[in-house]
Amino acid sequence: MVDLKKHGPTIALLFTMLVMLSYGIEWIRVTVGLAMDAVLGPFIDTLGVPFFVMILILSSITGLYSSLVQKYTIDYEKMQETQAKMKVFQKEFREAQLSGDEKRVKKLQGKQERMMQDQLDLSRQQFTPMAIILVLSVPIFFWLLLRLPEVGTPAAIASGIVMPFFGALSLSEMAFWIVPAWILWYMICSLTVSQVIRKSLNIGGL
């Protein structure tokens with residue numbers, strides 16, 4: 001029997017990779033997108049909610065559950081404690097090297113291996129919440145891709161947005177370089193809401 005506690009992060013990493021690969025499979029994107037459209041489509045088609053407002057709502061929801069998942073799956077107290085210990089260790093190790101104290105350097109090198117293992121364990125902890133967040137986020141992104149205005153659609157209330165520095169843009173246009181306007185708007189909304197939620201939950205900033 002697989003020890004989920006021991007191999008959970010590895011399983012989560014593999015699952016995360018599979019979910020990311022699903023982005024490249026059109027029939028999965030369309031099927032999931034259509035299923036989500038049964039729930040979200042009426043907000044646009046019946047209630048007339050502009051697409052940029054739907055992105056604002058969905059990105060805020062994403063920021064909320066992402067913060068909650070991280071809050072209850074990551075040991076932030078241990079993470080902060082390990083980071084504080086690592087900071088102190090790095091200072092001690094640098095002082096030992098500068099002073100030429102070989103005996104102290106060797107002693108600290110033994111401690112360094114344990115510190116690095118703790119850091120590795122904390123990094124592996126990130127895989128499980130990442131997998132959970134992806135599972136919840138992928139259907140939303142598939143729906144956004146399904147309902148995204150076609151390239152070349154003129155900017156309008158239903159299909160566009162007015163952004164500082166960029167002016168009126170269709171959400172399918174590139175805001176700058178290779179970043180579409182809808183992705184930029186999604187990131188701005190999600191990051192802003194996430195920072196407020198993370199602060200209120202006392203799990204720090206991004």
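Here are a few friendly notes on this predicted model, taken point by point.

1. Let's begin with the record. The unreviewed UniProt entry lists "transmembrane region" for residues 12–35, 47–69, 127–145, 151–169 and 176–197.

2. Take residues 47–69 to start with. This stretch is 83% helix and 0% strand, and its end C-alpha atoms lie 31 Å apart. For residues 176–197, the chain is 77% helix and 14% strand, with 28 Å between the end C-alpha atoms.

3. Strand 1 covers residues 160–163 and strand 2 covers residues 167–170; the two pair in the antiparallel sense over four bridges. Now for the largest pocket, which has a volume of about 310 Å³. Its lining consists of 17 residues, and T62, S66, I133, S137 and S190 are the ones nearest the centre of the pocket. By class, the lining has eight nonpolar, eight polar and one charged residues.

4. Which helices supply at least two residues each to the lining of the largest pocket? They are helix 3 (51–73), helix 6 (127–147) and helix 7 (181–200). Helix 7 gives the largest share of that lining, with six residues.

5. Finally, have a look at Q70, which lies in helix 3. The Q70 side chain makes a polar contact with the side chain of R198, at 2.3 Å. Leaving aside residues up to four places away in sequence, Q70 touches Y76, P129, I133 and R198. One of these, I133, is also among the residues nearest the centre of the largest pocket.

Technical notes
Residues numbered from 1 in each chain as written. Predicted model: local features only at pLDDT ≥ 70, side-chain atom pairs only at ≥ 80, totals over all residues. Heavy atoms only, no water. UniProt positions renumbered as here; feature names shortened; annotations may be inferred. Pairing = 2+ DSSP bridges. 1 Å grid on protein atoms, 1.4 Å probe; cavity = no way out; pocket = protein on both sides within 12 Å on 5 of 7 lines; lining within 4 Å. Points joined across faces, edges and corners; volume = space filled by probe spheres on them. Nonpolar A, V, L, I, M, F, W, Y, C, P; charged D, E, K, R; others polar. Polar contact = N/O pair within 3.5 Å; in protein donor to acceptor, adjacent residues only side chain to side chain. Contact = heavy atoms within 4.5 Å.
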